[in-house]
Structures are given as C-alpha cells and as structure tokens.
Amino acid sequence: VARFGILAAMPAEIAALRKVVTDQVEHKRGEVFSFTTGKLEGCEVVFGASNVGMVFAASAATTMISEFGATKLVFSGVAGGLLAGQSIGDIVLGASVINYDMDCRAFKYPWDPSYQLRLGETPFVEWAHVYPADPELLKVARGAPPPAGAALSEGRIASGSKFCDTAMKAEMAATHWCHLGDPACCEMENAAVAQVCRAYSVPYLSLRALSDLATGDAAADFNAFCDAAADNLLPIVRHVVRYS
Ligand code: ADE
C-alpha cells in the first residue's frame with residue numbers, strides 16, 4: 001500500500017494531526033518510538049514523533065520507509081527563525097535542507113587534495129551536501145492556504161544538534177550562515193530525514209513553523225509558542241497529503 005509518512009520530533013507537533021486522522025492504530029517500537037497508521041484526506045498515512053535530534057529522526061524515518069512502507073515523507077514541526085522580518089507562527093516550506101553539524105573542511109581526498117570540502121558536505125557521497133525538496137511535493141505545498149496571520153515563505157532549513165539562542169545566532173550569522181546559503185530557520189532533525197529519504201529515493205519535504213526567532217529568550221518563546229506554531233502546519237500537511 002502506498003503510504004504518506006508524516007514525521008515530527010515532539011508529540012506537540014503531531015497533536016493536531018492526531019485529532020483528524022481516522023482509523024488509527026498505534027505501533028510501539030522499542031523504548032522510544034511509536035508510529036500511528038491511519039487515514040487522512042483519503043490516503044493511508046503513518047505518523048509519529050521521533051523525539052529530538054538527528055539520530056532519532058533518522059531512525060524513525062528509516063522505520064517509516066522500510067517497515068511501514070512510506071512512499072512519500074513530510075516532516076512537520078517547529079523551528080527557530082533566522083531572517084529579519086519573520087514572526088513567530090510563520091511557516092517555512094523547506095526548499096532545501098543542510099546539515100551544519102557535518103564539518104569535514106579539514107579533510108582532503110588523497111586523489112585530489114586541492115578539493116575543498118564545504119561546511120555541511122559529507123565526504124565520499126557526492127550528493128550529500130544540500131538536500132533539495134522533492135519538486136512535486138514543494139509545488140503542491142506552495143498551493144496550500146496559509147493559516148490566518150501566518151506568512152508562508154520558502155527557504156533553506158539548517159539542521160544541527162544545537163538549540164540556537166541569541167549568542168549562537170549572532171556567532172553563526174558572523175561566521176557560517178552565509179556559507180550555508182542563508183537559511184530561513186534552524187532546527188534539529190530535517191537534514192537527517194532528508195538524507196535518509198535521499199538514500200532510499202523517497203520524495204521528501206520539510207515543513208516548519210516558527211516557535212521562536214532563535215533570539216531573546218528563545219527557550220521561553222519555544223515553550224510558549226511551540227503548540228500553536230505546530231498547529232499552523234496542519235492545513236498545509238492536509239493539503240500536501242491530499243494533492244500529491
Ligand atoms: N526548534 C525550534 N526552535 C529552535 C531553535 N531555536 N534552535 C534549534 N531548534 C529549534
């Protein structure tokens with residue numbers, strides 16, 4: 001059966017989905033994972049919260065694909081905004097994803113020491129640098145109606161294993177973001193999921209709503225706005241599942 005996978009990091013990010021998916025069956029796997037199969041917009045879906053970070057996210061994505069037969073995958077969750085003019089609740093369609101934790105700039109290929117690996121580039125796997133969204137999924141997402149009061153934009157999403165606060169945002173702005181294609185937001189899972197999906201040739205799209213602007217008291221904003229921001233993505237997810 002063709003199935004749409006909808007992955008998030010935290011239960012709050014799938015709370016709205018849980019209320020609208022029908023025929024739900026829960027499948028626990030190991031100590032941390034729980035996947036729910038069901039139907040949404042006339043499609044078979046599997047959804048779940050992997051927990052935070054790229055290790056859990058990669059493992060959950062792999063399970064969705066190899067065990068639950070996900071043939072397309074979207075990630076729906078919250079992120080910290082990195083661009084001027086953004087507001088909490090705004091939505092970023094991930095046109096591409098990059099992993100800023102992957103740093104092999106000091107490595108040299110023996111056969112071509114003049115080749116300079118870039119920040120985010122995985123050595124020995126030529127495609128593993130920037131992960132573009134599946135063009136069809138992105139095209140469909142562009143047609144989704146944004147929820148009232150939320151701006152919808154397209155951009156690059158930067159993934160890493162850090163919660164980005166004021167100090168890190170300033171440091172990255174001064175050093176790395178320009179080498180990473182000026183990402184619109186930062187979070188902690190998408191690059192892993194994009195990489196797994198690319199490895200298994202599964203079409204993938206990242207959707208993120210801003211829970212904070214990675215500045216001020218970013219943790220307090222995250223805690224205050226995570227639920228409402230995540231809920232903003234439900235109409236987009238439904239639209240993508242329905243029309244792709
Ligand atoms: N997810 C939501 N907000 C974030 C932030 N500021 N840094 C990393 N991941 C996030």
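Helices (H or I, at least four residues) and strands (E, at least two) are DSSP runs, numbered from the N terminus. The views below show a predicted model, in which local features need pLDDT of at least 70, side-chain atom pairs count only at pLDDT 80 or more, and totals for chains, interfaces and linings use all residues. Residues are numbered from 1 along each chain as its sequence is written, and side-chain values use heavy atoms, with hydrogens and water left out.

View 1. A polar contact is a pair of N or O atoms within 3.5 Å. A polar side-chain atom of D212 lies 2.7 Å from a nitrogen atom of the ligand. For C164, a polar backbone atom is 2.8 Å from a ligand nitrogen, and for G80 a backbone N or O atom is 3.3 Å from a ligand nitrogen. The protein covers 96% of the 260 Å² of accessible area that the ligand has on its own (Shrake-Rupley method, 1.4 Å probe).

**View 2. The largest pocket.** The ligand sits in this pocket, meaning that more than half of its atoms lie within 2 Å of the grid points. On a 1 Å grid over the protein atoms alone, a pocket is an open set with protein on both sides within 12 Å along at least five of seven lines, a cavity is a set of points where a 1.4 Å probe fits but cannot get out, and lining residues have an atom within 4 Å of a point. The volume of the largest pocket is about 220 Å³, counted as the space filled by probe spheres set on the points, which are joined across faces, edges and corners. Of its 19 lining residues, V78, F163, E187, M188 and F222 are the closest to its centre. The lining has 11 nonpolar, 2 polar and 6 charged residues.

**View 3. The largest cavity.** The count comes to 1 cavity of 30 Å³ or more, and the largest has a volume of about 70 Å³. Its lining includes I6, E13, S76 and V237. At least two lining residues come from each of α1 (15–20), α6 (218–231) and α7 (234–243).

Key. Polar contact = N/O pair within 3.5 Å; in protein donor to acceptor, adjacent residues only side chain to side chain. Nonpolar A, V, L, I, M, F, W, Y, C, P; charged D, E, K, R; others polar.
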